[in-house]
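Colleague: I'm new to reading protein models. Could you walk me through this one, step by step?

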Amino acid sequence: DWTTGNVIEEQVAAIREQVGDKRAICGLSGGVDSAVAAALVQKAIGSQLTCVYVDHGLMRQGETEQVEKDFVAATGVQLKVVDAQERFLKALAGVSDPEEKRKIIGREFIRVFEQAQLEIMQEDGPEVAFLVQGTLYPDVVESGGGTGTANIKSHHNVGGLPDDIEFELVEPLRKLFKDEVRMVGQELGLPDEIVQRQPFPGPGLGIRIVGEVTKERLDLLREADAIAREELTAAGLDREIWQCPVVLLADVRSVGVQGDGRTYGHPIVLRPVSSEDAMTADWSRLPYDVLSKISTRITNEVKDVNRVVLDVTSKPPGTIEWE
Ligand code: XMP
């Protein structure tokens with residue numbers, strides 16, 4: 001019988017058997033898969049697990065706190081948070097090309113993660129021999145069913161590790177589909193904000209600023225994104241929409257009239273899409289009153305933004321993200 005209870009019981013036993021009295025580490029991204037995988041392993045081996053969260057400063061409003069506070073409160077997991085915001089900003093300075101940004105973010109992520117890993121390995125305690133990954137069944141099928149090594153599509157995950165690190169993988173979600181993972185997460189008591197989270201790219205807001213990534217621009221985009229998310233949630237549209245990137249056209253300026261006079265600010269793009277698997281997508285026909293509310297609020301509340309535009313392109317030809 002497939003029940004979440006049975007899955008949890010079976011996996012907890014399997015993880016205990018696999019890890020024995022050694023230690024494991026797990027990178028948390030803020031996403032559903034790594035959170036549920038970590039929660040399962042935590043349930044199985046408790047303090048033998050250490051989670052690592054790299055704060056690259058490219059997350060949306062409240063997301064880092066969700067990991068640092070809510071996830072820890074729900075699971076009791078041992079968490080090492082690395083504040084690497086300055087480092088990422090420095091590495092990204094002057095870079096506008098999307099692929100270049102991805103490369104830099106991926107590279108810095110691995111470096112920071114490896115450093116954290118090293119520190120954990122140097123702590124007193126049993127050997128750190130295992131790396132937990134939130135690999136799902138569709139990933140297993142896609143990669144030909146192999147096991148034992150990290151199999152990561154380079155541009156689609158910042159959590160990839162180079163081949164020369166020898167950890168045995170613990171992959172407790174290998175038999176599950178996304179909706180099952182959410183059910184297991186819910187059963188494990190994880191907060192809804194984590195379990196029901198829509199897809200969000202590993203490079204985060206770094207690829208939602210068209211132009212150079214700076215602290216000011218990130219803060220501005222975070223504000224606009226928070227407003228859009230708040231209104232979409234309030235309108236009950238979260239389940240209907242696959243995801244809604246909010247994009248700052250930092251290299252574009254547009255003229256507006258606000259308050260006392262003329263402004264020369266930046267446009268924000270709303271990119272709500274409906275999709276089954278992100279391979280293809282259609283633009284979401286959102287109610288006009290919701291769009292209107294988001295537009296009014298963003299232009300009123302976010303400094304330097306004087307225009308909100310809606311992306312009405314399907315995928316193909318447009319990708320979901322702008323970069
Ligand atoms: P695109 O823009 O290619 O996006 O239509 C398809 C899905 O993938 C996500 N995406 C990424 N996820 N790293 C990730 O982890 C990336 O570099 C990346 N680029 C796009 C995107 O949010 C959508 O869900």
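Colleague: Got it. What should I know about the model before going on?

Modeller: It's a predicted model, where local features need pLDDT of at least 70 and side-chain atom pairs count only at pLDDT 80 or more, while totals for chains, interfaces and linings use all residues. Residues are numbered from 1 along each chain as its sequence is written.

Colleague: Where is aspartate 304?

Modeller: Aspartate 304 sits in the loop between helix H10 (288–301) and strand S11. Helices (H or I, at least four residues) and strands (E, at least two) are DSSP runs, numbered from the N terminus. The protein chain has 10 helices and 11 strands.

Colleague: How do I read phi angles and peptide bonds?

Modeller: Most residues other than glycine have a negative phi, and most peptide bonds are trans. Here, aspartate 304 has a positive phi of about 75 degrees, though it is not a glycine. Alanine 278 isn't a glycine either, and its phi is positive, about 70 degrees. You'll find alanine 278 in the loop between strand S9 (273–274) and strand S10 (282–283).

Colleague: Which peptide bonds are cis?

Modeller: Among them is the one from lysine 315 to proline 316, with omega near -10 degrees. Another cis bond joins proline 316 and proline 317, with omega about 10 degrees. Proline 316 lies in the segment after strand S11 (305–310), and proline 317 is in the segment after S11 too.

Colleague: And which domains does the chain have?

Modeller: Domain bounds come from an automatic or database domain assignment. For this chain, the assignment gives domain 1 (4–195) and domain 2 (208–310). Their centres, taken over C-alpha atoms, are 29 Å apart.

Colleague: How many residues of each domain are in contact?

Modeller: Two residues are in contact if their C-beta atoms, placed from the backbone, lie within 7 Å. By that rule, 10 residues of domain 1 touch 8 residues of domain 2.

Colleague: How much of the whole chain is buried?

Modeller: Of its 323 residues, 36% count as buried.

Terms used. Buried ≥ 20, exposed ≤ 12 C-beta atoms within 10 Å, placed from the backbone.
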